[in-house]
Amino acid sequence: MATTPFIKKTLGLETAEPAVTPPPHNNAEKVLKKPKLAGGRKRDIPEGLWNKCPKCSTLLYDKDLDANRKVCIRCGYHFPISARERINSLVETCSFEEMDANMTSVDALQFTGVTSYSNKLESYQKSTGLKDAVITGIGRLADYRLALGVMDFSFLGGSMGSVVGEKLTRLIEAATDKGLPLVIISTSGGARMYEGMFSLMQMAKTSGALAYHARKKLPYVSVLTHPTTAGVMASYASLGDLIIAEPGAMIGFAGPRVIKDTTQAELPPGFQTAEFLLDHGLIDMIVPRNEMKAVLCNVLDYLGVDRKRLAALG
Amino acid sequence: MRHQLDFEKPIIELRRKLDELKKHPDAHALGLNLEVEIEQIEKRLEETRCQVYSELTAWQRVQIARHPKRPFVLDYIRGAFTGFVELHGDRLFADDRAMVGGFAQLNGHRVMVIGTQKGRDTKENILRNFGSAHPEGYRKALRLMRLADKFGLPIITLIDTAGAYPGIGAEERHIAEAIAVNLREMMLLEVPIIAAVVGEGGSGGALGIGVADRVLILENAYYSVISPEGCASILWKDRAATAKAAEALKITAKELKAFGLVDAVVPEPLGGAHNDPADAVALLKVQLLIHLDELQKLSSGDRLRMRYQKFRAFGLFQENNAPGSEVAQPEAAPTPAQPA
Ligand SMILES: [Zn+2]
């Protein structure tokens with residue numbers, strides 16, 4: 001296995017990649033009209049939004065893409081998906097009881113940056129329709145009642161501040177109290193800088209809650225989606241009994257730019273992708289989004305979840 | 001030559017003047033009496049020192065926390081503890097010299113002491129990787145903490161790191177997991193744990209040995225989710241905004257104490273620990289003993305519950321959309337399951 005010599009060439013570099021690093025390859029183009037193609041099929045094609053797949057350049061009609069859970073029909077590229085869509089793709093209709101839906105962040109530090117944190121929050125709440133970067137609740141997946149937390153990258157890069165930490169901690173505690181399995185689907189650039197040390201402490205808070213969930217021998221499956229990095233990766237996202245990643249997801253602790261600047265070394269091909277992590281023995285498996293529900297059902301069976309008992313409770 | 005910081009210039013200038021006057025070769029021959037002048041300058045020097053060091057900005061404190069002459073973790077271990085028996089390795093891959101640890105005695109108390117170690121010169125810095133640990137360091141720390149837990153030794157961690165090492169090997173051997181596991185496992189260790197940030201408290205790399213019953217921080221140390229440089233280049237797109245970022249992030253000991261994010265601020269000698277390392281070591285020792293004594297009076301069940309609730313309570317948020325609703329510092333969480 002390749003190793004890096006213990007030499008640091010530059011000092012004072014941050015460990016964590018920014019909370020708001022944009023994902024490197026989600027620059028999918030959206031065009032209002034399908035560009036002219038050779039051939040005369042255009043009359044069959046309804047007007048609407050077309051998405052160009054960044055991997056294979058196929059033009060994909062919005063509704064087809066949605067129907068395939070935002071996975072390219074041709075090459076399997078996983079487009080970003082919102083937390084709501086993901087929840088709908090996993091839980092049974094009307095079974096999801098959301099927790100703490102109205103919890104919002106406050107500008108505890110009165111952060112005086114280029115723009116204020118309060119303004120940022122307001123504009124992201126408007127543009128995403130979300131209150132913060134995670135949705136939590138208890139729902140039913142096939143016959144299993146489970147505690148489910150799903151992050152959304154579109155809200156401030158899925159960064160973890162007090163709200164993300166508190167909602168997840170309450171979810172984990174609820175799972176511990178009710179004896180429920182836990183699934184957290186992560187996507188995050190890391191801790192939310194605007195909340196300073198309050199955000200760092202969410203790592204300890206969520207991991208501590210998981211300690212007590214694990215102590216009751218309850219299962220926790222962590223699902224890593226594009227991208228999951230820094231403070232989230234260095235806390236609950238890495239603590240699953242099982243760790244599953246979506247294909248092509250970028251997963252790591254430090255950002256690739258920081259690593260390159262610090263080590264002055266070329267990064268190996270595919271560095272910090274789900275496939276790289278699988279090869280290095282760091283995750284259990286890679287599961288495409290369309291198979292996620294079936295795989296979760298299957299593995300929960302092995303993790304001591306009594307299907308019938310929970311169904312009766314549910 | 002003493003390593004000097006920009007904001008110390010007025011002090012250095014006065015010191016220089018004072019030295020000149022004291023050494024004035026012709027003073028005696030010329031029958032000049034410089035005593036009055038010397039006295040005045042000495043007074044001004046003292047006033048200036050007090051003024052400069054009492055009004056330090058966040059960024060100035062970061063510079064003191066990173067001062068190359070500041071006592072490092074091994075200086076505290078050798079100064080405040082006796083009989084240090086260093087233990088090596090994570091039993092998996094390597095001995096990370098950026099993370100040191102072993103048995104030691106603190107005023108007769110047998111403890112496990114663990115911390116991140118920086119180097120004083122290039123050679124030592126290569127050995128210590130500038131105090132930035134790899135996954136091996138965090139796994140070694142956990143190995144030693146579990147050993148301490150098994151044999152009932154209180155744990156003292158001393159933190160001084162710019163952060164965990166951002167490298168290729170670190171990622172390949174899963175530094176994120178190494179830190180995450182420490183956060184989870186430290187929450188369940190039954191022995192008392194005290195963490196003290198003695199210099200730099202750099203993000204997850206610091207927290208990775210920082211889950212404790214008591215978190216102390218030295219007066220000029222800092223503890224931050226991201227380095228001021230990193231924050232400046234991301235939010236301001238400008239490294240020159242580093243001082244502003246340091247201010248905005250609220251990373252000084254005093255601010256962290258005001259937010260309740262640390263339990264106690266350990267005073268330093270005037271001008272920083274490097275001005276009187278022996279005194280700095282003694283000041284930390286006093287605080288460690290006070291907190292160790294308090295923690296040992298509690299049952300392990302009480303300690304575990306209080307440790308959980310302490311971290312559980314960190315976070316500021318709003319619960320309802322009702323206008324003017326209170327910002328909630330959440331109440332202590334429902335008591336977690338008692339340790340078996
Ligand atoms: Zn495609």
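B:Ile155 is in contact with B:Val111, B:Met112, B:Ile114, B:Met145, B:Ala148, B:Leu189, B:Val191 and B:Ile193, neighbours within four places in sequence being left aside. Contact here requires C-beta atoms, placed from the backbone, to lie within 7 Å. The model is predicted: local features need pLDDT of at least 70, side-chain atom pairs count only at pLDDT 80 or more, and totals for chains, interfaces and linings use all residues. Residues are numbered from 1 along each chain as its sequence is written, while chains are lettered from A and ligands numbered from 1 in the order in which they are written.

B:Ile155 also belongs to the largest nonpolar core, which holds 167 residues. Such a core is a set of buried Ala, Val, Leu, Ile, Met, Phe, Trp, Tyr and Cys residues joined through C-beta atoms within 7 Å. A residue is buried if 20 or more other C-beta atoms lie within 10 Å of its own, exposed if 12 or fewer, and partly exposed in between; C-beta atoms are placed from the backbone. B:Ile155 is one of the residues that touch the most other members, alongside A:Leu182, B:Met145, B:Ala196, B:Val198 and B:Ile217. Helix α5 (residues 196-215) of chain A gives this core its largest share, 10 residues.

Strand β4 of chain B covers residues 155-161. Helices (H or I, at least four residues) and strands (E, at least two) are DSSP runs, numbered from the N terminus. In β4(B), 7 of the 7 residues are buried, so the strand is largely enclosed by the rest of the structure. In a regular strand, side chains alternate between the two faces of the sheet. Both faces of β4(B) are covered. One side carries B:Ile155, B:Thr157, B:Ile159 and B:Thr161. The other carries B:Ile156, B:Leu158 and B:Asp160.

Strands pair if DSSP finds at least two bridges between them. Strand β3 (residues 109-116) of chain B runs parallel to β4(B), joined by 4 bridges. There, B:Val113 stands opposite B:Ile156. Strand β5 (residues 193-202) of chain B also runs parallel to β4(B), joined by 6 bridges. Here B:Ile155 stands opposite B:Ile193.

Chain B has 14 helices and 10 strands. Of its 340 residues, 48% are buried. Its C-alpha trace spans about 85 × 60 × 45 Å along the principal axes.

Conventions: Contact = placed C-beta atoms within 7 Å.
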